[in-house]
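Let us walk through this structure by way of its aromatic rings, and then turn to a sheet.

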Amino acid sequence: MTEQSDGIVYGFAATHDRLFAACGAGLFQSADEGRNWTSAGDSLPTTAVAASPDFAHDGTLFASVGGMILRSVDGGARWNALQLAQPQPVVGALAVSPNYAADGVALAATIEDGVFRSADRGRSWSPWNFGLLDLNTICLTISPSFADDETIFVGTESGLFRSANGGRAWREVVLPVEYPAVMSVALSPNFARDGIGYAGTESGELLTTSDGGESWRGLPVGTDGSPISSILLDGVAILLNLGDALKLSTDGGASWQTRRTTNDMLISALIAPSGLSTREPLIVGFIGGAIRRLE
Amino acid sequence: MLIRHTLWRVHETVGDGTATAALLYQSIYNDGLRYLTAGGSPMALRAALDGAKHRVLDALNAQAAPISGQKRLTGLARTLCYHERMATLLGEIFDIIGEAGALEIKTGNRRDMEREYFEGAYWDGGLFSRTQLPQGQTRAALENAAILISDLHFEEPGQFRPLLETVARSGAKSLAIIAGQVSDKAMALFLNPKNQATLPTLVIRAGAVRGDAQLDSLEDLAALVGGRALYQAAGQTLNELRPEDLGHARQVWATRGDHGVIGGKGNPRALCQHIARLRERARAEQTAEARKPLQARVGKLMGGSATLYVGADSEAQASNNYRDLAQRASDAIRVALRTGVVAGGGVALLDCRAALQQALNETPDADQRAAYRAVLRALELPYRTILANAGYEPSETIAQVGNGLGFDVERGAIVPMIERGIVDVAGVLSCAVETAISGAAIALTTDVLIQQRNRPEQMQP
């Protein structure tokens with residue numbers, strides 16, 4: 001377990017050889033699957049981090065600090081800062097296109113200013129909020145088959161929005177719950193074929209789609225109303241972060257088992273770099289700044 | 001006058017499809033008239049035509065496929081305007097703004113066509129005083145501003161006192177005042193550099209247009225930025241102003257002619273409901289004239305807008321030809337985004353014949369059989385006309401086309417029409433069919449018709 005001095009663990013990013021953690025105390029990295037963490041050079045509060053899917057070749061990382069997006073093209077050794085438009089937005093989530101090598105698209109979801117989009121490998125960022133009626137964005141998920149379907153989902157304080165043109169325009173998704181704050185969205189790795197996705201709300205509802213996000217229905221999870229702040233998928237396994245507990249289903253959501261990690265710390269972020277198999281480690285970040293590797 | 005009105009109705013409703021409607025109307029009317037001359041019952045024929053109409057509309061609906069993506073929208077625009085640059089820009093614009101997005105078509109200053117995107121929403125009505133503009137700039141902006149939303153009239157600086165006290169209590173660091181009238185004397189309060197340093201303020205005219213449009217814009221602004229609009233006509237003043245009556249936005253900007261907001265801090269749920277109500281009202285409106293302002297209001301609230309600048313060799317050409325063309329094409333694209341597309345080149349109508357033929361085979365009723373035959377014959381006419389106009393003999397290919405396959409007159413080959421981007425807008429075609437059959441049915445049960453002496457020799461759908 002690694003204890004940072006203060007703050008919160010906002011999110012993780014995994015590359016072929018390293019893990020990165022965006023924390024209130026700065027950006028951290030681990031080269032041993034989360035056992036030990038060292039500073040990745042930036043000690044400013046870092047609210048999000050994302051790595052290029054082609055990181056092994058392009059070494060591209062994005063991180064957000066204050067009203068800026070930092071970009072590194074050498075695996076985090078050196079960073080360039082890009083100021084976003086005034087007034088300074090706070091970036092809450094970053095995502096990089098699975099087709100980044102070809103399209104150079106990266107997106108940033110901000111807390112008050114909607115979605116910023118870059119189509120030139122992060123050199124410039126512009127707000128693209130056509131149809132995004134709620135600019136208080138919380139989470140951002142890009143389709144694994146983005147090269148073909150250009151689909152992106154963004155969760156906001158009042159619902160879920162979907163773009164089918166690479167983030168240039170957004171449409172509200174009709175959900176079975178009226179105007180929920182959508183905290184997390186996860187899409188199946190075979191999204192293009194099976195159209196399966198999950199969305200977690202602030203009031204603990206888990207919603208699912210099997211038609212690419214056209215229609216959604218509630219999936220009983222048996223939560224106590226705790227926000228579902230992150231969702232991980234691996235085949236038919238689904239892992240939910242409910243803050244003080246994790247819920248795991250190994251049968252596509254038909255049944256759930258609860259796993260409590262600690263009595264007094266709330267989980268703020270998690271990542272399963274090698275999948276959700278019980279043999280693989282789970283890296284958990286806490287409010288307070290700690291990062292724990294669960295075997 | 002009846003056919004003119006019929007075609008005008010098609011144009012008004014969907015902006016396109018009048019040639020198809022005219023062909024269908026003429027054919028059905030001529031066949032129907034022959035049947036009535038031979039002793040058929042006008043009212044029974046009219047009822048049967050109505051039945052045929054529903055069968056065709058159902059068959060068209062079943063064929064409609066949704067359209068999305070810049071490439072396909074550009075292809076659709078190309079079939080609507082036959083202008084490459086305009087089609088490219090319209091395809092890009094509608095891929096971004098979608099069905100309800102705000103698009104303004106203006107005459108450009110250059111010979112080429114260009115487009116511009118604006119983030120946020122904006123309305124008519126600029127700064128009361130040009131001295132509020134930063135030196136050498138045409139636009140003033142405030143960040144994280146409180147906003148007074150009103151059409152109130154201010155004569156004395158003292159009238160602003162309750163507002164300034166409320167803003168001070170709210171902790172806002174800048175202020176945008178939307179007002180109906182502000183006298184020079186009252187305006188002086190905000191032109192004082194000391195006051196501007198304490199509380200940067202923009203004083204903006206509430207919409208250039210008075211009346212309902214101005215009230216609508218204030219209502220929309222309030223939905224976007226939160227707060228409550230205060231109206232002069234309701235006798236409201238700033239004396240009853242509460243902090244929660246003020247709206248807030250990440251940015252408010254104004255020029256001499258317009259003002260807008262980016263990142264309105266209104267309740268997103270309330271905004272969604274407001275937009276849903278406007279959409280509902282637009283759907284309920286019968287005419288395009290009544291529907292368009294509501295659609296424009298929805299478009300403005302959707303988070304951005306686009307402007308297409310239409311240039312041409314001369315201003316007259318741009319204004320008279322290209323602007324109208326772009327407007328008609330954009331109206332039809334909006335309908336396509338709402339209703340989908342079907343195979344073009346008359347093929348979708350040919351594919352409606354099966355449903356009608358089945359009904360014809362099943363009914364022994366003479367009036368119904370006459371009506372179905374008349375509509376069946378009419379459904380072939382757009383295909384036949386397109387081929388004949390292009391110099392091909394329609395009878396040679398009509399048996400080979402259908403089920404989405406049609407004749408591409410440019411390539412001289414039978415191709416899958418939707419795949420090749422040769423499409424018609426489902427809503428436009430449905431409107432043309434509905435209006436033509438209904439119009440012909442009414443004409444056939446009308447005693448006197450005024451007919452144009454010189455009928456056009458050829459029409460192209």
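**Rings, charges and a sheet**

Start in chain A, where ring pairs join Phe62(A), Tyr100(A) and Trp125(A) into a cluster. This is a predicted model. Tyr100(A) has a further partner. Arg121(A) lies over the face of Tyr100(A), 5.2 Å from the ring centre.

Now take the ring pairs as a set. Over all chains, the count comes to 15 aromatic pairs. One of them is formed by Phe20(A) and Phe55(A), whose ring centres are 6.2 Å apart. Their planes stand at 65 degrees, so the pair is edge-to-face, because planes over 60 degrees apart count that way. Where do Phe20(A) and Phe55(A) lie in chain A? Phe20(A) belongs to strand S3 of chain A (residues 19-23), and Phe55(A) to helix H1 of chain A (residues 55-58). The pair therefore ties together parts that are 35 residues apart in sequence. Phe20(A) is buried, at a relative accessible area of 0%. Phe55(A) counts as buried too, with 5% relative accessibility.

Move to chain B for another pair. Tyr392(B) and Phe407(B) are also edge-to-face, with 4.7 Å from centre to centre and 70 degrees between the planes. Tyr392(B) sits in the loop between helix H15 (366-389) and strand S13 (405-408) of chain B. Phe407(B) lies in strand S13 of chain B itself, so this pair links parts 15 residues apart in sequence. Phe407(B), at 9% relative accessibility, counts as buried.

Stay in chain B and look at the sheet. Here 6 strands form an open sheet, in the order S3-S10-S9-S4-S6-S8 (chain B). The pairing is mixed. Which strands are at the edges? They are strand S3 (121-124) and strand S8 (201-205) of chain B, and each pairs on one side only. From one strand to the next, the twist averages 35 degrees.

Within this order, follow S9 and S10 of chain B. Strand S9 (residues 247-254) and strand S10 (residues 258-264) of chain B run antiparallel and are joined by 5 bridges.

Note on methods. Residues numbered from 1 in each chain as written. Chains lettered and ligands numbered in written order. Predicted model: local features only at pLDDT ≥ 70, side-chain atom pairs only at ≥ 80, totals over all residues. Heavy atoms only, no water. Phe/Tyr/Trp six-rings, centres within 6.5 Å; stacked < 30°, edge-to-face > 60°. Helix = DSSP H or I, 4+ residues; strand = E, 2+ residues; numbered from the N terminus. Buried < 20%, exposed > 50% of the residue type's maximum accessible area, 1.4 Å probe, protein only. Lys NZ or Arg CZ within 6 Å of the ring centre and 35° of its normal. Pairing = 2+ DSSP bridges. Axes fitted to C-alpha atoms, helices over the stretch in contact; angles between N-to-C directions.
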